[in-house]
Amino acid sequence: MNNFTFENPTKLIFGKGSIARLATEIEKNRRILICFGGGSAKRNGVYQQVKEALKDHYTLEFWGIEPNPDYDTAMKAVELARTNQIDFLLAVGGGSVIDAVKFIAHAIPYEGDAWDLIKDNSLICRSTPLATVLTLPATGSEMNHRGVLSRRSTLEKVSFITPYSFPVFSILDPETAYSLPQRQLSNGVVDAFMHTMEQYMTYPDHNILMDRWAEGLLMSLIETGERIMSQHHDYDTMANFMLCASMALNGFAGMGVPQDWATHRIGYELTILFGLDHAQTLAVIYPALLRVLKKHKRDKLAQYAERVWNVHTGSTDEKADIAIEKTESFFRQMGLRTRMSEYEIPAEAVDIIYNRIKTRGVSYGENLLVTPEVAREIYKNAL
Ligand code: NZQ
Ligand code: ZN
């Protein structure tokens with residue numbers, strides 16, 4: 001087991017009706033900027049609940065944070081916050097609104113060029129407190145220290161990690177997610193599933209609890225994922241899904257374990273260049289990554305086949321193959337495509353992306369297995 005430090009200061013407030021808790025969780029003297037996406041919060045009644053809870057607070061609103069939030073949009077909110085002496089931020093939405101708010105929080109007190117904070121996270125040493133009302137179970141951003149920001153003007157999508165990104169609290173009312181369209185439910189299940197896999201599917205590491213924790217999450221996501229496709233107004237189904245998504249990426253699944261994350265990193269390229277949703281990129285890349293790296297991941301794949309998919313016959317190699325097939329068919333069952341060509345991404349994309357990764361001189365994955373050359377193999381395999 002690797003050495004690790006675990007800390008997660010985010011208070012989780014979970015359950016129906018809990019948006020009303022905003023009234024008491026934020027001090028009365030705070031000047032709050034509430035940030036939203038494109039309008040779903042107004043259509044499903046979440047906005048009205050938030051406004052009602054904060055009717056005795058000073059609030060200002062910022063609307064229009066897009067999926068895969070953009071630096072330029074976030075900087076408009078930074079300006080608004082600075083002009084109005086904002087000292088507390090509230091994100092109401094999915095991972096995009098939350099991630100943008102994390103960046104806005106750090107940028108408000110920063111005097112230099114705010115993009116530097118993304119390039120060098122160690123520059124983030126002051127921030128603005130933030131909280132969230134989550135409306136889309138998927139990213140785990142409501143309870144972690146991660147964020148992802150895009151800059152379309154320079155074709156970049158970059159993640160940032162800092163302890164200043166932990167929300168003070170997050171409110172999770174499963175009923176807020178009833179209005180999610182099928183596409184976002186599919187995305188959410190696959191994203192949470194992949195967060196678990198990125199921390200689990202490496203090599204056997206004798207971390208008994210983390211293995212069982214991850215396998216428990218995967219099995220719960222398979223069970224609730226299948227159910228949520230037809231019953232997304234069922235409270236307990238949505239509550240289970242929401243809890244799984246937060247638990248998949250809040251540090252609890254990652255204690256002392258080797259981690260992968262190559263699929264996430266190389267998937268960002270498909271979003272910024274071709275506009276795929278985050279989870280769509282994962283469903284396309286991951287089966288290909290497993291096929292390309294099977295010999296490195298074989299033993300763990302066989303363990304996953306046995307414990308998660310109940311495969312008890314065949315050699316280790318055969319179990320690994322079945323594990324890959326089961327994973328791909330689960331993504332398809334969730335309604336996602338698993339090939340780049342199904343999104344009409346041309347074969348030339350492989351070398352375009354390869355050259356971008358090569359120029360950066362980076363490698364990804366456990367033991368940095370995914371060099372730019374291996375990434376090219378994965379993209380080819382995903383065509
Ligand atoms: O903008 P509005 O109108 O609110 O609509 C949103 C958006 O169009 C809609 N939506 C959200 N809640 C809804 C709803 N529609 C109906 N009812 C509701 N209750 O859903 C659409 C997608 O929202 P978005 O926030 O973009 O989705 P998601 O939560 O999947 O976030 C994706 C972003 O998070 C990043 C991704 O890269 C991407 O930029 N990630 C962040 C992570 C983190 N911070 O830890 C980890 C992840 O791996 C991921 O990379
Ligand atoms: Zn993700």
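Student: Which helices and strands each supply at least two residues of the shell around ligand 1?

Tutor: Keep in mind that this is a predicted model. Both kinds of element turn up, with β6 (146-151) as the strand. The helices are α5 (95-107), α7 (182-200) and α10 (262-274). So, by the DSSP runs, your list is α5, β6, α7 and α10.

Student: And which domains does the shell draw at least three residues from?

Tutor: Look at the bounds: one domain spans 11-176 and the other 181-381. The shell takes at least three residues from each, that is, from domain 1 and domain 2.

Student: How many of the shell residues are polar?

Tutor: There are 32 residues around the ligand, with G38, S40, G95, S96 and H195 the closest. Eight count as nonpolar and four as charged. Gly goes with the polar group here, and that group comes to 20.

Note on methods
Residues are numbered from 1 along each chain as its sequence is written. Chains are lettered from A and ligands numbered from 1 in the order in which they are written. This is a predicted model: local features need pLDDT of at least 70, side-chain atom pairs count only at pLDDT 80 or more; totals for chains, interfaces and linings use all residues. Side-chain values use heavy atoms; hydrogens and water are left out. A residue is near a molecule or strand if one of its heavy atoms lies within 4 Å of it. Helices (H or I, at least four residues) and strands (E, at least two) are DSSP runs, numbered from the N terminus. Domain bounds come from an automatic or database domain assignment.
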